[in-house]
Amino acid sequence: MGASKKESVEVDKKKNSKKTQTTKKEKHNTEESVLAQKQEGAATDYKELSADDDSEDYKSVGESEAGDGESSGDEGNHKSGSSEGLAIDGQSEDSEPDQGAEESDSSEDEVAPRNTVGDVPLEWYRDEKHIGYDIAGKKIKKKEKQDKLDSFLANVDDSKNWRKIYDEYNDEEVELTKEETKLVRRMLKGKTPHADFDPYAVLGLVRAIRKGYIKFDKPKEEPRFYMLWGDDASSSEKTGHLSYIPAPKPNMPGHEESYNPSLEYIPTQEEINSYQLMDEEDRPKFIPKRFTSLRSIPAYENAVKDSFERCLDLYLCPRVRKKRINIDPESLKPKLPSRKDLRPYPATCYLEYRGHKGAVMSISAEASGQWIASGSSDGTVRLWEVETCRCIKVWEFGEVVQYVAWNPLPELPILAVTVGQDVFLLNSGLGNEEIQRKVKELLHVETPTAPEDSGNKVSGWSWRQDDEHEGIRLRHFKSVYSVEWHRKGDYFSTVMPADILSIHCHLIAFLFLALESIVLCMKSISHT
Amino acid sequence: MGTDMEMDMDGDVEERRVQVRFITKLKPPYRVPNTSIAIPANLTRLGLSTIVNSLLKAGEDEWESQPFDFLIDGELVRLPLEQFLLAKGISAEKVLEIEYIRAVALQKEDEPSLHDDWVSAVDGSCPRFILTGCYDNLGRVWRAAGECTHVLEGHSGAITSVSVVNSEGTDSVTVATASKDETLRLWKFDNEEHSDQPSKIRAFKILRGHNASVQSVAVEASGSMICSGSWDCTINLWRTNVSDTEGDLVSIKKRKVKNKAEESQLEGEALSTLVGHTQCVSSVCWPEPKTIYSASWDHSVRRWDVEMGKDLSSIFCGKPLSCLHVGGEGSALIAAGGSDPILRIWDPRKPGTSAPIYQFSSHNSWISACKWHSKSLFHLLSASYDGKLMLWDLRTAWPLAIADSHEDKVLCADWWKGDSVISGGVDSKLCISSGISVL
């Protein structure tokens, strides 16, 4: 663009308005074209442009009235007074639509182009008195053109007259605004019309593009090698058939098909006999044979059959496109988080709670975090102080302790323990006197009563006071696996495996409604 | 003495030498002539100590060698001199000024005093006695190793922390104990009693108010108030009016008590409660009348304004903290240790980051106690679950001394009489190590 810009600068001197039109930026296309016109018109006014050529393009001069236009002097440039400017037509054709659009650039933005002629050469209307038709169908009369005298007077009187240009397309006079005249002047001098446009930047870009520094699109990678004789399959795929599935490739002949294969390829007589024993399908299709010379090769008996089958393959047998999924096997592996993401994770062992003699089956931390209870396979439950690893209390049960769970309420330090078929609710002995009193009250059961819950045909539970361990003992009909407290501490649930027959099946959980008295007590505590 | 003395230690002429001058803040018997000496550059602390000793001996015939420690540019020398200079980038061309101090080392260990159960708390702030608390719910007062003078009875739970409230009075001493039975008790006794049997004392005031074990107690400097931190995440302030005024008498709540005490005991309520921590407050410290520092298992050290009752600032480190003490330079450095074996020291006066200015990491397990020396600017001690007591100097990253006096975890430690270290642990022993010359 820059280069052509330069051209335009040179040509400007020749006043080749067409080029200026095409070379300017599109934004200014319209304006410039008009300006080019005006330039011509204005040029005639400016004495500095005495070097103007008079090509036929300068009929714009003639555009202005009576061909002589506004010029008060230097008529040297005008051509004949063909006011319509025949040669200009060609140019004005370009300019007209632009001019129409240019209309919008000028001060009267709101006014739509009034030209109703359309895109026809205006010379058709040269001899007519009207130019176009209005919406009602009536002819639009041409404006009366000023004759020379009038135009001269107008020039003298009206200081702005030099700015007015006759818009032939719309049949009116358009006055250039100051900005527009500035633009025109700049263009005359060969500068860019808008002050803030830097042509040198554009030139730089142009040079860069030409040299290849700036690339817009990725250059196509030309394949360095290409196959002279492509595969049937690949070439036919490109033919644009939608669901073309190539025929299976016939196997290339290998060593077995040779007329004189190595000895190891040839089956022995025993092997040939064994082929007879096999099923039809299992037999090898081709038995290699050996011939010492080409002369002794017999005709291939399956020739016709083979080619027939090939033909069938090609055009008769239905083929199914197998959708092969390319899965990267690594992507099937679950994404494990890296070690860093898992931080902070426990890395060093600082405290060990020693005391149990068997495997520790379950641990549970008290609500405040000061104590831990642990149940072990040695039949004991121990209560530990977290900070110092001190064992505060030990409860002895005969059997393996499956599960321990603290009551989540900090005011009720009750420990639920599952041992065999029993669930024990133990008073851990923690807390001040008041809490201890309440816990003891709670854990006191007078008479064993049936549980009031629903849905169980067999009542297999019994509540009993257990003084040995200071708590309540619940006997189930099966061994209990675990016990969980409700968040509010009022309820707990126990889990037992369902049946001996269905060992692996889903576990049944029974929800216990605590005895009435306990419920009331607990509720009252939770409200205080 | 000549101005330039050459001490030819090895007879090797090629050896590099450094010009040094020994200076000290110690009193005259320890003064060395202020001349510059050329010494071999590969000497360690021991070698330097030998030089100083021989210099002192030259001045005074009756001199007995003592171990010295050396400071260059405010840092203790722990490497051979040459390497030390290289590491610090100190030029060996000009005369080097080495300051020497008496080396801190544990010299004597007394007979450990046996308790009946774990020794969980110890206080050595009064030089006349040692106060201990034990897991058998009793507090004890010891006059010296093995000599128990008083037994403080009354708690129903293990004692977690003890503190001497007021020992200014002529003979009468007031102490406070905190226990897992959620109460604090105040005791008064006469120190001058001498009897064969330890006398049993009951508390004259019981402070109730916490909902969970009281973990730590700290006394205000004047002795009129104490604060306690507890497992219920709060800190309570209590008044310790020694005089029995009516105002403190609160109606004793009705309760089923099996063993009813005969004497009337005052019950006190908390003056105010400081709420802010989200987990157990493991340690509290009251360095100035208006500020309380507390450390907690919620990883923070908080500074509280006593009058406002609010926490002013907090320092977060990533580990639950179990011990805290304020001391050091300007009594402003905070030392805290917790569940990782690193002893951290913060300077709250420094603006900006809350990163510790010193970190001492020679322990192997939880740090259960840390205490600043009451008079020194640089010395503190720490006790850990790995059974070791370590003496630290801020000027060097290695411990000055390690005492391996306990077989099991050490639960508590303190300074006593300015030159001894007392500690109690899971092995139920109270150990006293003395002869430490800090100043």
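Asp311(B) is partly exposed, with a relative accessible area of 29%. Hi everyone, that residue is my way in today, and please keep in mind as we go that this is a predicted model.

So what does Asp311(B) do with its side chain? Asp311(B) forms a salt bridge with Arg302(B), and the closest N and O atoms are 3.1 Å apart. Arg302(B) also meets the side chain of Asp298(B) in a salt bridge, at 3.4 Å from N to O. Now look at the accessibilities. Arg302(B) counts as buried because its relative accessibility is 11%, and the cut-off for buried is under 20%. Asp298(B) is buried too, with a relative accessible area of 10%. Asp311(B), at 29%, is partly exposed.

Let me stay with charges for a moment. How many salt bridges does the structure hold over all chains? The count is 21. One of them joins the side chains of Glu99(B) and Lys25(B), again at 3.4 Å from N to O. Glu99(B) sits in strand E6 of chain B, residues 96-102, while Lys25(B) is in the loop between strand E2 (17-23) and strand E3 (36-40) of chain B, so this pair ties together parts that are 74 residues apart in sequence. Are these two partners buried or exposed? Glu99(B) is buried, with a relative accessible area of 17%. Lys25(B), in contrast, counts as exposed at 69% relative accessibility. Chain B also has a salt-bridge network, which links Asp116(B), Asp136(B) and Arg140(B).

On to the sheets, still in chain B. Here is an open sheet of 4 strands, in the order E18-E19-E20-E22, with antiparallel pairing. Its edge strands are E18 (214-219) and E22 (272-275), each of which pairs on one side only. If you zoom in on E18(B) and strand E19 of chain B, residues 225-230, you find antiparallel pairing over 5 bridges. As an example, Ser216(B) has Gly229(B) in E19(B) as its bridge partner.

Another open sheet in chain B has 5 strands, ordered E13-E14-E15-E17-E21, and here the pairing is mixed. Which strands form its edges? They are strand E13 (159-166) and strand E21 (266-268) of chain B, each pairing on one side only. The twist from one strand to the next averages 25°. Strand E17 of chain B, residues 205-208, pairs with E21(B) in the parallel sense over 3 bridges. Within that pairing, Ile206(B) has Glu267(B) in E21(B) as its bridge partner.

Let's move over to chain A. Chain A has 14 helices and 16 strands. Of its 528 residues, 36% are buried. Among chain A contacts between residues at least 6 apart in sequence, 51% join residues at least 24 apart. Chain A exposes about 34,600 Å², with carbon and sulfur atoms supplying 54% of that area.

Which residues make the nonpolar patch of about 390 Å²? They are Leu149(A), Phe152(A), Leu153(A) and Val156(A). Val156(A) is found in helix H6 of chain A, residues 148-157. With a relative accessible area of 53%, Val156(A) is exposed, the cut-off for that being over 50%.

Note on methods: Residues numbered from 1 in each chain as written. Chains lettered and ligands numbered in written order. Predicted model: local features only at pLDDT ≥ 70, side-chain atom pairs only at ≥ 80, totals over all residues. Heavy atoms only, no water. Patch = residues over 30% accessible without salt bridge, like charges linked within 9 Å, V, L, I, M, F, W, Y side chains within 5 Å. Areas by Shrake-Rupley, 256 points an atom, 1.4 Å probe, with all protein chains shown as cover. Salt bridge = Lys/Arg side-chain N within 4 Å of Asp/Glu carboxyl O. Helix = DSSP H or I, 4+ residues; strand = E, 2+ residues; numbered from the N terminus. Buried < 20%, exposed > 50% of the residue type's maximum accessible area, 1.4 Å probe, protein only. Pairing = 2+ DSSP bridges. Contact = heavy atoms within 4.5 Å. Axes fitted to C-alpha atoms, helices over the stretch in contact; angles between N-to-C directions.
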